[in-house]
Amino acid sequence: MQLAIETSGLVSSVALLHEGVLRSELTIQARLTHSEQLMPHIADMLVKAGVTKQQIDSVSVSIGPGSFTGLRIGLATAKGLAFAWRVPLVGIETPVGLAWNFVGVGDLICPLIDAQKGNVYVSLYRWRRDTLEVVQDTYIAPVTEVLRSLRQRGEPTVFCGDGLRLAMPYLAADPLFRIAPATMAIPRAGSTALAAAQRLENNDTDDCMRLTPAYKRRSEAEVLWEKRHGGKA
């Protein structure tokens, strides 16, 4: 039984996956802090699913990019549980988890994650039957630059992620672009669990003590510290 955690943005999501069956998923976007709701959600889900902690044999977690605070809370919780329960830990980058919402979709998949100041973290994926192909690794760029580049590619593209709100004004005008439905546009722990299950099948896990968030950029606090002190934080 795999416990999966997703806290990379406003969405708080936890799920239980067992032998390819999604036993339970709790996904909420209520603007409460993850520190308030994550552990109660896990405890509540286990009770309602009739699952004990002794039945959990792995923990997976979304590691970003995304909200610095949300990622730290999710990863700290996942590490603590994996360490306490002595089970493997698997970290899944948030765009990969989003791409797993679209298994079998023929379009190019473009997760957009808000990187602040008009920028987005952007990745490109494509499904080849049951294999997820990385077309473009995650990078940061202004949303207008991302869309211009995709227009030049000329491929049907589906967009998802919380960066959608920045791209929305530009998407309707292009017939190649479409917006994922609400259930597929957000990161979900169930999809994180599916991505992790593939790694677990190959005994590919992460070191509980060394796994860190995939921030992809420095925090605003680090940038300000450097400006004030003339060196790296």
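**View 1. Arg151 and its salt bridge to Asp174.** Arg151 is partly exposed in this predicted model, with a relative accessible area of 37%. Its salt-bridge partner is Asp174, and the closest N and O atoms of the two side chains lie 3.1 Å apart. Arg151 belongs to helix α4 (residues 143–153), while Asp174 sits in the loop between α5 and β10.

**View 2. The salt bridge between Arg165 and Asp114.** The side chains of Arg165 and Asp114 meet at an N to O distance of 2.5 Å. Arg165 is in helix α5 (residues 164–171) and Asp114 is in strand β6 (residues 108–114). The two residues are 51 residues apart, and the pair links distant parts of the chain. Which end of this pair is buried and which is exposed? Arg165, at 55% relative accessibility, counts as exposed. Asp114 counts as buried, at 14%.

View 3. Glu133 and Arg128 form a salt bridge in which the closest N and O atoms are 3.0 Å apart. Glu133 is partly exposed, with a relative accessible area of 27%. Arg128 is also classed as partly exposed, at 48% relative accessibility. Both residues belong to a network of salt bridges that links Arg126, Arg128, Glu133, Arg153 and Glu155. For the whole model, the count comes to 13 salt bridges. Side chains of opposite charge can pair when their charged atoms come close.

**View 4. The open sheet of five strands.** The 5 strands are arranged in the order β8-β7-β6-β9-β10, with mixed pairing. At the edges are β8 (131–142) and β10 (177–179), each of which pairs on one side only. From one strand to the next, the twist averages 25°. Strands of a sheet pair through backbone hydrogen bonds, either parallel or antiparallel.

**View 5. The pairing of β9 with β10.** In which sense do strand β9 (residues 157–160) and β10 pair, and over how many bridges? The two strands run in the parallel sense and are joined over 3 bridges.

Methods: Residues numbered from 1 in each chain as written. Predicted model: local features only at pLDDT ≥ 70, side-chain atom pairs only at ≥ 80, totals over all residues. Heavy atoms only, no water. Pairing = 2+ DSSP bridges. Helix = DSSP H or I, 4+ residues; strand = E, 2+ residues; numbered from the N terminus. Axes fitted to C-alpha atoms, helices over the stretch in contact; angles between N-to-C directions. Salt bridge = Lys/Arg side-chain N within 4 Å of Asp/Glu carboxyl O. Buried < 20%, exposed > 50% of the residue type's maximum accessible area, 1.4 Å probe, protein only.
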